[in-house]
Amino acid sequence: IKVTFLPSGKKVTLISPISLKEAINKANIDFRFPCGGKGLCGKCKVKVEGNVNSPTSKEKEVISDFLNKGYRLACQVIMKGDAQVEIPASSLISDLQILTEYSKEKLKIDPSVKKLYIHLPKPTLEDQISDVTRIKREFEKKGFGRLKVELDIAKKIPYLLRKSDFKVTLVVDDGELIALEKNDTRGKNFGVAFDIGTTTLVGTLVDLDTGEKVATKALLNPQISYGDDVISRISYIQENPNRLAELQREVLEGINKIISDLQKTTGVKKENIYQ
């Protein structure tokens, strides 16, 4: 079936029968389902023309005055054939606004991720220890204690050391080597702090060396299309436990979108965001 959404004019082709709620999600329209599609709030009103099911008992109860005007609840409509759906601006997520406050103030932080630049002595006939042991020895010599190196990092060390003429920066997280970088990359040590709210996601890029808030980005929590409040989302998951992963994926995609936006705004590389 072909479904056309107005006023955007977006068209999608779907397999019938399908709920209008699912059709809206497949069309990637930022639509609000405040009660999570239960048919209780009456706020997902749309105008529908085409081959769809008759009004449900919930619609007759919640929006009886609007039915004769062509309105339906998007969460209650089943698409059986080609249709045209007009979405009022009040039902779109884009109608909401996010207010963010941003300042250049420095935060008092004690990050576990730190960087150490070292110029290692090259192997000789008298000094034939392994590359990993050579790095650990230099780390201890500088008074930082013992260094833990996992296998996935250890496999990259020989190539990186020779590529950089044994001048490298150790990226250490609480005593564990999490990255080895060519030459001196100190000053490029970043983390992102997130505030995951019911309605919004806010991410702040923080310089882990200075505590400076470099930039802030925000967007609406993508889970909002599953319900405006937490209870609606819990109810949505209780109907099918597999939906928990679905909602988690939505938040993760939002977080990754913010990180990507912060990179574009500041020019900070993804590999220099460690936490």
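Student: What volume does the second largest pocket have?

Tutor: Rolling a probe the size of a water molecule over the atoms shows where empty space is left. On a 1 Å grid over the protein atoms alone, a pocket is an open set of points where a 1.4 Å probe fits, with protein on both sides within 12 Å along at least five of seven lines. Its volume is the space filled by probe spheres set on the points, which are joined across faces, edges and corners. Here the second largest pocket has about 170 Å³. This is a predicted model: local features need pLDDT of at least 70, side-chain atom pairs count only at pLDDT 80 or more, and totals for chains, interfaces and linings use all residues. Residues are numbered from 1 along each chain as its sequence is written, and side-chain values use heavy atoms, without hydrogens and water.

Student: Which residues line the second largest pocket?

Tutor: Lining residues have an atom within 4 Å of a point. Among them here are Lys114, Phe139, Phe144 and Asp174. Strand β7 (residues 113-119) gives the largest share, 3 residues. Strands are DSSP runs (E, at least two residues), and helices are runs of H or I, at least four, numbered from the N terminus.

Student: What is the volume of the largest pocket?

Tutor: About 740 Å³. Its lining has 29 residues, and Asn25, Ser225, Tyr226, Glu246 and Glu250 lie nearest the centre. Helix α8 gives the largest share, 6 residues.

Student: Is Ile234 buried, partly exposed or exposed?

Tutor: Buried means under 20% relative accessible area, exposed over 50%, partly exposed in between (1.4 Å probe, protein chains only). Ile234 is partly exposed because its relative accessibility is 41%. Its place is in helix α7.
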